[in-house]
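Please read the points below with the structure open beside you. They are meant as a colleague's notes for a first look.

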Amino acid sequence: MPPSTTVKLPAQLVRQLHSFRRRLRTVKMLEAVCLAGIAVILSYVLLYLSDRLWETPSAVGWILFFTAMAGLAVFIPWWSFRWVWQRRTEAQLARLISRTDAALGDRLLGVIELDSEKYGRQYSSEKLKAAAMEQVAREVSARDLTVNIPRPSHKKLFVLLAILALCTAGVCLVSPEAAGNALERWLQPFDPPERYTFTQLDPTPDSLVIPLGESYLYELKLANATKSRPQTAEYFFRNRVRQQAPLTDGVYKIHIPPMQQADRLEFFAGDVVRRLKIIPKARPSLLGATATVAYPAYMARPDGQEAMRAGVISAPEGSTLTLKVTASQNLASAADAQGKPLRVEGSSVVIPDIRLEKDPREIELTWTDSDGLAASQPVRIRLEPIEDKQPSIYLRGGENDRYVLEDTSIELEVEAADDFGLREMGVEWQGEKSFYDDEEENAAAPDPAKAGKPVPGLRGEKVLADGHPTQASLKGMYLFQARALKLSPQRVVVRGFTQDYKPGGKRVYSEPMIIFVLSKSEHAQMIRNELERITSELEGMIRRMDAMTDEAKRLKGMEGSELKKAESQERLHALADEEQTNRRELSDLLNRSEDLFKEASRNPQIDPSGMKEFMKGISMLKPIPNGPMKKAQKQFRDSASENRSEQESRKDLDDGESSHSDATQALKDAMNQLSKSAQDMEASTFVARLKQAAAKEDSIANALAGQINIIVGMTMDELDPSTKREMETIATLQNASTQDIGWILEDLSYYKSRTGERIYSDLYNQMNAFSLREKLDLVHGNILNAITARSIDESRLYASTLRHWAKLIDDYKKSRGGGGGGSGGGDQASISDAEFEFMLKIIRMIQQEQDIRMRTRAAEQEHRKTLTAPAP
């Protein structure tokens, strides 16, 4: 088959089509560029206008930015594809022309098809194809194909673009700051700068912290660069009425009401809008304060901590404090009263090196927390210096132990306290001047090796515990025993002492405790005196009970119903109450009697017969309070009861009067028994007292004999001061001995009158006839005049006389005790006495064992203290 011989399009027609294509591309590309420019400028202008009205949301900024980007990224590529790529060939151009001129377009499309291999082969005549093309070319050559460009709007779009550009340029010239800010915000939608406003305010935070529950005045100030100065601004809080704030001196003042919960503030002034989150928060308050205390050097104490109490921190004078004041929240800054900044550590303020002198100090400071809130008022902390006062010490011991035998141990409790540490604690004792006197049972004379040795007021002390600078209290027990301390019978003053570490501080002493160390004869006399007091109190009680018996009899004598009257009932109640009082008092007397018996059993010099009578009297007293007296009390009370009939009340009264009479009689019997015991004790004490007086006279004679070689031939004024003082001491003791003789005579006078025994009357008469008291007064005068030899002889003579009188009483008692007799009865009585004496010995052994146990415990504590003491 012969190859195709398709005729080509005429050159003129091709040129017209190419010209149409160029024009089409130019117009449509201009339209694309204008549309893209309009989109960009319009996006920018819309953002500019939006910023003038409000704070453009970031979403709107993103939309406008992507609209502009779409104009660039969509219009031009899409327009190019549509009007360039899809309009490349002559056929594509013919089809475009047919949209506006269908006939022309169809003819052009027809000749173009004749030119193509696809459609041109069906026409076999080349000439006919060429003629047809020439004819169409001639017809088209006379026509302007560019009029067939569809909807050309490039001019309008260009004008619109020009207008928008000019307007935008005008805006930029009028307000370049706003335009530039809008451009930056348009170009940076992802992180736009702050919106430019013609009304400008100083920078404000996003949130505002205000004091909780307090009204607050917040100020918004116009910036210096502001272009607009609105005279009135508006603001409102969430769900509240809009309010106005006038401009005053470039400041808008916003009154924030008291708030308990967070809220939001919106503020409008011109084109500026500010939104603040309002956060109520409590002001920073004082939580507490502590001080690290560097104590004065003399205290030798490590640094300590002192907490604030009621706004005050106390520390010793001379201390150096590091004060740490803690707030309720973290702090940003703090300053003292003078405005000097202070060190802040989190929520605490640290103030170092505060010297505490004698006068109190007040630390004042202000602070601001991390949110800018200050304290409602300055924080004040008072620093109170504490004076290092003297320590205190107490000495305690049983009241009944103040009068003791020399071999009796007393356990004393010592307690010391100080505010800043104790150095030591102990006990000291001070005795009176006396002579050594060792009483031996049945001793005819004192031991010459000991008698007459003056024992001046012995003084001693014992440290019970060593302290420490940090030890504020010390406790200890001290076992006082006169014999162990070599204290003869005398008055001893015992005091506790302690000392702290204060420079120049002296010992501090407790209140003195007076302990009367008694000889056996003095102790026996004390027991007898106490027994007489108990007997006297029993006698008074018996008189009251006799009066009660009389009252009960008067009530019994009432006739008819008088016993049930109110007055009679009150009298019966009074009887019951008085009976109860008597029971209580009798129980107290019984306890005192038992304690007295225990104390008397310590003294072997007290006559066992008197002790036996004493024990009988106590045995007679014991059943009375809870026996007839309790029964009488109940019966008197029942007789006064309103629920009892008249007959029952009379019977109760009769029974009560009978029980009361039985109790009274039992008391009388017991009192007689105790009186007899007291008389027996008093008789036995005369022997001991006379022997003791004789021993004292011997002691005085021996003391004078020891001084005779020194003072012989000298007057009192010529003596050495120490010797003279010794002589005056001996004279004082002689005067005391004379007084003792006087008391013996006085007691003997009363005793002989009560008993009527001849031996005591004869002895009293002998002593009066001998005028011993007057003679001893002469000895006292001779001692003061240094007449030593005569005084020695007279003292020894009078001592012998006193022992002789003691022997007379002793022999009488022995003869009276052994004169009774009978076979069985006497034997039974002596056996009973022997058993009682054995019982007394057992009691004394138990007391001695207890005393030994106390001393052993004290010695063991001392030993342990020695073992645990640190090595020097």
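1. Phe-770 has a relative accessible area of 24% and is therefore partly exposed, a class lying between buried (under 20%) and exposed (over 50%), with a 1.4 Å probe and protein chains only. Trp-805, at 3% relative accessibility, counts as buried.

2. This is a predicted model, in which local features need pLDDT of at least 70 and side-chain atom pairs count only at pLDDT 80 or more, while totals for chains, interfaces and linings use all residues. Residues are numbered from 1 along each chain as its sequence is written, and side-chain values use heavy atoms, leaving out hydrogens and water.

3. Phe-770 and Trp-805 form an edge-to-face aromatic pair, 5.8 Å centre to centre with 90 degrees between the planes; rings of Phe, Tyr and Trp (its six-membered ring) pair if their centres lie within 6.5 Å, and planes under 30 degrees apart count as stacked, over 60 as edge-to-face and the rest as tilted. Because Phe-770 lies in helix 16 (residues 758-770) and Trp-805 in helix 18 (residues 788-819), the pair ties together parts that are 35 residues apart in sequence; helices here are DSSP runs of H or I with at least four residues, and strands are runs of E with at least two, numbered from the N terminus. Phe-770, Tyr-798 and Trp-805 form one aromatic cluster.

4. By this rule there are 9 aromatic pairs. Among them, Phe-236 and Phe-268 are stacked, because their ring centres are 6.1 Å apart and their planes stand at 15 degrees. Phe-236 counts as buried at 18% relative accessibility, whereas Phe-268, at 24%, counts as partly exposed.
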